[in-house]
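User: I would like to go through a structure with you, one topic at a time. Here it is.

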Amino acid sequence: MTLESTLQFLAITLFLEVTPGPGVMFILYQSAFSFRNAVAGTLGLLTSNVIWISLVATGLALVLTQNPSVFDTLRYAGAVYLVYLGYKIIRYGIGKPKANENTHAEQHKSTWSSYRQGMLTSLSNPKALLFFMALFPQFTRPEYFIQDIIYFGLLKMTCLAIVMISYGVMGRRMFNYMGESTWANTISRVFGGGIIIAAIAIARG
C-alpha cells in the first residue's frame with residue numbers, strides 16, 4: 001500500500017461522492033428539517049456502505065451480481081422504494097419549517113426515521129455493489145485483501161461522511177435563509193423529483 005494509491009483512491013471516491021445522486025438529494029432534503037436529521041441520514045448511508053463492503057469482502061457480492069434474476073429483483077425493488085420516497089417528498093414537502101432551529105420539522109420527522117430512510121436509500125441501489133467490485137480490486141493486494149478492504153472501506157466512508165455532512169450544512173443554511181417561504185417546499189420537491197429520476201435510471205439498468 002502506497003501514498004500514491006491512497007491519494008488515487010481518495011480522488012476517485014471524492015469525485016463520485018460529490019456528484020449529485022439519490023444520496024445527495026436525500027441529505028439535502030433531510031437538512032430542510034434540521035441538521036440533526038441530515039447527520040442521522042448520513043449515518044444511515046454509512047451503515048449501508050458497511051453492508052456493501054462486507055458483501056464484497058466475503059465474496060457474496062459476486063454471487064449476487066452474477067445471478068441476473070436476484071440482482072434484477074433487488075434493482076427493481078430498490079427503484080420502487082426510491083420512487084415511493086420521491087413521491088412522499090413531492091407530495092408532502094417539508095410543511096412550514098421555521099428558520100434557525102426548525103422545531104416544528106424536528107417534531108414532525110424523527111432522527112430515527114432519517115437514519116432508516118438513509119440506509120434504505122443507499123441499499124435501494126444495488127449498482128453500488130458493481131461500483132465496489134470494480135473499484136476495490138484495483139487497490140487491494142491479494143495477500144492482504146481483507147486488510148486492504150478495511151483500509152479503503154474506511155477511507156470511502158470517511159469521504160462519504162465529510163461530503164454528506166458538508167451538503168447537510170449547505171442545505172441547512174439554504175433552508176434557514178428561505179425560512180417559511182414557499183420556496184422551501186418548492187426546493188425540497190425538486191429534490192424529490194431528483195430521487196425519482198435516479199430511481200428510473202436504476203430500473204433501466
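User: Is Asp72 buried or exposed, or partly exposed?

Analyst: Asp72 counts as partly exposed, because its relative accessibility is 28%. Buried means under 20% relative accessible area, exposed over 50%, and partly exposed in between, with a 1.4 Å probe and protein chains only. Please note that this is a predicted model, where local features need pLDDT of at least 70 and side-chain atom pairs count only at pLDDT 80 or more, while totals for chains, interfaces and linings use all residues. Residues are numbered from 1 along each chain as its sequence is written, and side-chain values use heavy atoms, with hydrogens and water left out.

User: Which residue does Asp72 meet in a salt bridge?

Analyst: Its partner is Arg75, at 2.9 Å from N to O. A salt bridge here is a side-chain nitrogen of Lys or Arg within 4 Å of a carboxyl oxygen of Asp or Glu. Arg75 is buried, because its relative accessibility is 9%. Helices are DSSP runs (H or I, at least four residues), numbered from the N terminus.

User: How many salt bridges are there by this rule?

Analyst: The count is three. Another joins Arg141 to Asp148, with the closest N and O atoms 2.9 Å apart. Arg141 is partly exposed at 28%, whereas Asp148 is buried at 1%. Lys156 and Glu17 also form one, at 2.6 Å from N to O. That pair links distant parts of the chain, Lys156 in helix H9 and Glu17 in helix H1, 139 residues apart. Both Lys156 and Glu17 are buried.

User: Changing topic, what is the volume of the largest pocket?

Analyst: It is about 540 Å³, the space filled by probe spheres set on grid points joined across faces, edges and corners. A pocket is an open set of points on a 1 Å grid over the protein atoms alone, where a 1.4 Å probe fits, with protein on both sides within 12 Å along at least five of seven lines; lining residues have an atom within 4 Å of a point.

User: Which lining residues are closest to its centre?

Analyst: Of 21 lining residues, these are Leu16, Glu17, Pro22, Asn125 and Ala128. The largest share of the lining, four residues, comes from H8.

User: And what does Ile27 touch?

Analyst: Not counting residues up to four places away in sequence, Ile27 touches Ala38, Gly41, Thr42, Leu45, Met164, Tyr167 and Gly168, contact being heavy atoms within 4.5 Å.

Conventions: Helices (H or I, at least four residues) and strands (E, at least two) are DSSP runs, numbered from the N terminus.
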